[in-house]
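Open the model in your viewer, and keep the selection tool ready. The tour below goes from one selection to the next.

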Amino acid sequence: MSEPALHGLIGEFPTPAGIVAAARQLGDSGFRHLDAYTPYPVKPLDELLGRRRPWLAVTVLAGTLVGAFCGYFVQIWAASIDYPINIGGRPYDSWPAFTVSAFEMTVLFALTAGFVAFLIGCRLPLYYHPVFTAGEFDRASQDRFFLCVEAADPRFDAERVGDILRRHGAERVEPVRG
Amino acid sequence: MTVTADTDSEFAVVRPGVTLTSLSAHIGDTVLRPKTPRWWWIGFLFSLALLMVLVIATVWLFVNGIGVWGVDIPVAWGLAIAEYVWWIALASGGTIVSALFYLTRSPWRSAISRIAESMMLCAAASAGIMPILHLGRPGLFYWLFPYPNVMGIWPQFRSPLLWDFVCLLCYILMSAMFYYTGLLPDLATMRDRSRRRWQQIFYGILALGWRGSAVQWQRYKSVYYIMAAIMAPMVVSVHSVVGLDFAGGLTPGWHSTQFPPYFFFGAVISGIALVILLTVPIRHAYSLHAIITEYHLNALAKIMLTGSLMLGFAYFWEAFGPYYGSEVAERTMFTERAFGFYAASFWATIALNIAIPQLLWVPLVRRSELLLCLIAGGIIVGMWFERFVIVVTSLHRNHIPSEWGNFFPTLWDWAILAGSIGLFLTLFLLILRFVPIVSISEMRELIDCEGPG
């Protein structure tokens with residue numbers, strides 16, 4: 001059995017300041033295949049490594065519109081088209097009375113769309129990822145900050161990357177395979 | 001002035017000495033430790049006993065019908081409806097703390113949001129069973145769904161009772177998604193800290209493979225803000241629609257335009273009261289003094305006081321209306337409510353929800369855990385009386401004098417009340433044992449903002 005392919009080089013930082021500086025320098029030098037793994041959202045990292053696209057908000061907006069339409073349509077179709085009943089002489093399309101349920105369906109669809117879009121956007125569930133095999137990676141969800149430079153990057157050079165990571169305070173740098 | 005301005009100098013949101021390492025270890029151990037503490041077992045067995053009361057009372061009710069309760073004409077809505085409103089108000093308080101105060105970026109919200117949200121889910125379960133128990137034919141509750149059926153008919157979408165069903169259903173589904181999203185990073189922490197096989201598998205599956213990558217955190221933050229912004233108006237709508245159930249009826253004492261906000265004020269005060277009542281014992285049981293500080297209790301106490309003032313405002317107009325207006329039935333009903341057979345319940349409401357909470361103006365009272373718990377407990381009891389007064393006294397003096405009559409709860413009425421408390425406590429204790437009761441990832445951000453610990 002051959003050794004699994006190299007995924008990248010991971011550096012473990014004790015503080016958020018170190019990982020931010022390293023990510024900034026790597027980004028400035030043209031590295032694009034980077035990812036940081038931190039126990040909480042570290043402020044500048046999402047600007048350095050995140051992807052600013054409004055698709056999450058757009059999905060929620062789409063959910064909102066679909067929910068509003070469905071919530072209202074079910075009621076108006078049932079109460080004034082499929083089985084109209086005259087109640088106290090009110091119009092069949094008594095829309096003010098339909099707004100409450102329509103509002104609830106609107107927010108339900110909006111939130112569900114956001115939840116699903118969040119999971120898809122985060123590629124979850126994903127039970128295996130090469131970084132899980134890195135030495136002390138279980139501390140990425142507790143008190144350590146990890147920066148992984150992926151081998152897929154055209155500028156990837158293990159020695160140079162290792163130097164940059166160490167220079168910014170990485171206490172441990174190791175290759176990730178898988 | 002912000003809610004907590006005067007304590008900034010005295011108490012910190014996080015006491016010095018809490019680090020990322022110690023925080024994960026401390027909260028992780030409360031869930032992952034192999035030995036379950038004795039207080040948990042005592043509480044759990046007690047809750048389970050109460051839950052058995054609910055099972056027995058429900059079986060008895062389903063076998064014999066709702067005649068086993070004290071409900072009859074004219075008081076056909078009894079304790080089940082009062083307790084539905086009571087529980088859903090308690091639940092709403094949890095969402096108010098976690099969603100509304102997330103949007104205001106209140107720092108004290110982080111340490112207690114999980115307690116509040118867990119409380120919300122458990123209270124919603126207790127609330128959700130009440131309308132079904134109250135149905136004469138509970139097996140047909142699914143008729144509330146607009147599903148295509150052989151009868152060719154649909155639910156009455158113009159009825160507030162149906163709105164309420166839609167609200168509750170959406171509320172529970174949305175709260176579950178909101179809860180799970182907030183919990184996801186903490187589940188990953190549990191996965192990484194657990195050393196026993198079943199825990200690794202259990203938390204590993206639940207954590208969905210969360211890695212905390214930069215992109216994941218970015219999306220987490222945006223979706224959490226969006227969810228909080230959706231949940232905040234949602235929770236206002238839920239309890240307002242409960243108010244509309246009543247306002248939509250012509251019964252004196254119910255037919256009032258102020259009911260939606262009035263009910264929401266009740267949700268604020270009673271929900272916060274229950275958060276306090278749960279936070280104080282958890283703080284001691286899990287030794288969370290360093291992250292749930294006097295700052296949190298002080299902030300909660302002030303919101304409870306605000307809720308009490310808002311509720312007092314609504315009480316005032318509720319009393320003013322009948323005497324200012326010219327509806328004889330309203331006036332008769334209100335006079336009877338305040339000075340008749342149920343006067344004690346009415347004045348208990350005023351005393352426990354409005355008069356006694358005014359003690360919270362005194363900083364010394366806000367600092368005393370014991371007094372806070374007593375006042376909060378009083379409010380929860382007082383809010384039960386408020387729902388009882390609204391439901392029962394309004395019906396017992398309806399428009400036609402020939403149908404006046406009193407309501408006497410039976411043993412089975414009280415069994416349902418005790419049982420619903422048992423259901424709440426059982427679920428809450430299970431969450432307390434298996435779910436990190438403080439949002440660790442949010443606390444880390446707070447520690448980061450407050451400077452290195």
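In which sense do β2(A) and strand β3 of chain A pair, and over how many bridges? Select β2(A) together with β3 (residues 145–150) of chain A: they pair in the antiparallel sense, over four bridges. Strands here are DSSP runs of E of at least two residues, helices are runs of H or I of at least four, both numbered from the N terminus, and two strands pair if DSSP finds at least two bridges between them. To see one of the opposite positions, pick L34(A), which stands opposite V149(A) in β3(A).

This is a predicted model, in which local features need pLDDT of at least 70 and side-chain atom pairs count only at pLDDT 80 or more, while totals for chains, interfaces and linings use all residues. Residues are numbered from 1 along each chain as its sequence is written, and chains are lettered from A and ligands numbered from 1 in the order in which they are written.

**The sheet of chain A**

Now widen the selection to the open sheet of four strands, whose order is β2-β3-β1-β4 (chain A), with antiparallel pairing. At its edges stand β2 (34–37) and β4 (172–177) of chain A, each with a single partner strand, so one side of each is left without a neighbour in the sheet. From one strand to the next, the twist averages 25°; angles run from 0 to 180 degrees between N-to-C directions, and axes are lines fitted to C-alpha atoms, for helices over the stretch in contact.

Contact means that the C-beta atoms of two residues, placed from the backbone, lie within 7 Å.

Then select β1(A) alone. Six of its eight residues are buried, so β1(A) is largely enclosed by the rest of the structure; a residue counts as buried if 20 or more other C-beta atoms lie within 10 Å of its own, as exposed if 12 or fewer do, and as partly exposed in between, with C-beta atoms placed from the backbone. β1(A) is joined to β4(A), which runs antiparallel to it, by six bridges, and there L6(A) has R177(A) as its bridge partner. β1(A) also pairs with β3(A) in the antiparallel sense over six bridges, and G8(A) stands opposite E150(A) in β3(A).

**Chain A as a whole**

Zoom out to chain A, whose secondary structure comes to five helices and four strands, following the pattern β-α-β-α-α-α-β-α-β along the sequence. Its C-alpha trace spans about 80 × 40 × 30 Å along its principal axes, and of its 178 residues 40% count as buried.

**Where the chains meet**

Show chain B as well: 47 residues of chain B are in contact with 50 residues of chain A. On the side of chain B that touches chain A, the elements giving two or more residues are α1 (20–32), α5 (160–193), α7 (214–247) and α15 (440–449) of chain B, and α7(B) gives the most, with 15 residues.

**A helix pair in chain B**

Finally, select helix α9 (residues 294–324) and helix α11 (residues 343–355) of chain B, which pack at an angle of about 145° with their axes 9 Å apart. The contact is made by S308(B), L311(B), G312(B) and Y315(B) of α9(B) and by I350(B), N353(B) and I354(B) of α11(B).
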